[in-house]
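I opened a new notebook page for this structure. Here is what I looked up, in the order I took it.

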Amino acid sequence: MSTPQHPLVLGIESSCDETGIGIVRGTQLLANTVSSSMDEHVRFGGVIPEIAARAHLEAFVPTLEQALAEADVTLEEIDAIAVTSGPGLAGALMVGVAAAKALALATGKPLYGINHLVAHVGVGVLEGSVLPPTFGALLVSGGHTEILKVTSLTNDVQLLGATIDDAAGEAYDKTARLLGLGYPGGPAIDKAAKDGDKKAFRFPRGLSLPKFVGSAEEPGKHRNNFSFSGLKTAVARCVEHFEAAGEPIPVADISASFQEAVVDVITSKAVRAMQENGLKTLLLGGGVAANTRLRELLAARCASAGITLVVPPFSLCTDNGGMVAALGAQLVAAGAEPSGLDFATDSSQPVTHIILPPTI
């Protein structure tokens, strides 16, 4: 039975190529159904927005029906609906938001337009997990690489650092394409790297020089920020060198060295940001959280720094409706005002905008 502190919330996620429907009661995950269109994008080497949007249209109703059946609830029993309003692909977001508005209008349920990135953090409260009042979060995905300070999931999330160009996941995809490993690049490079030498090539660590980092007393402009475009270029020059010499490309060694450059800078900057902000808990989220070397190095560096590392199950790290429902339930329990039916999607919605306010 639903109570004010344990609302039954339906979550809808459509920011990229996954159509996700999740149902949460308080902090209990009842259903988390995902339909991915990734296979339709493979031959293009990346997500095609128009294909993703059409796939959401086709998958929404079957995915919704499956989630309701899995949770053994009806739409009439739902207390509120939460939907990703941004950031993400504009067309994909519009499909999810339009569907959510239609459901809210038909059922009379309150609707919350919420932030995709904060939802990735919100999964940390599911299944009885308890997060401290203030903690840090590291989000690493195909579209985002960000360090956050979370004082309140419902009203206070601060951005400590972010990528200024490619996200880590984008760098993986582009590098995999250079190495002929296909799409998606993350799993392909992670697999290839297991047979490689991570010290074979010394690839650049973006924005790690003193002029960018500064010091704790006088922080540089990019102390907590990331850049991976130079790394991708360095890999391209490396591949070109072997091709020009008519030599076989050492795919495993390049993969391992590239991956080490990515995870080295991500983990070092994240741990330092936690220490300088007095944060003792770090939550890792986003699709790249599945990367074995990232988990390994981050766990080791957090342990050395006395930081507790929280990594949700992989099914909750990738884009899914459960994370949207989880954050929605937190907002409902906190008494947040619904967004109503007049809000628009925001493909570049900043992480500090947790929920879209009602349109006046």
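**Ground rules.** I am working with a predicted model, where local features need pLDDT of at least 70, side-chain atom pairs count only at pLDDT 80 or more, and totals for chains, interfaces and linings use all residues. I number residues from 1 along each chain as its sequence is written, and side-chain values use heavy atoms, with hydrogens and water left out.

**Whole chain.** I counted 12 helices and 10 strands. These are DSSP runs, numbered from the N terminus: helices are H or I with at least four residues, strands are E with at least two. The radius of gyration is 21 Å, close to the 21 Å of the globule rule for 360 residues, so the chain is as compact as a globular protein of that length. I took that radius over C-alpha atoms; the rule is 2.2 Å times the number of residues to the power 0.38. The C-alpha atoms fill a box of roughly 65 × 50 × 35 Å along the principal axes.

**Burial.** I found 52% of the 360 residues buried, meaning under 20% relative accessible area with a 1.4 Å probe, protein chains only.

**Strand β5.** I then turned to residues 111-115. Which strand did I find joined to β5 by 5 bridges? It is β4, residues 80-86, and the two run parallel. Pairing takes at least two DSSP bridges. Ala 82 has Tyr 112 of β5 as its bridge partner.

Definitions and conventions:
Buried means under 20% relative accessible area, exposed over 50%, partly exposed in between (1.4 Å probe, protein chains only).
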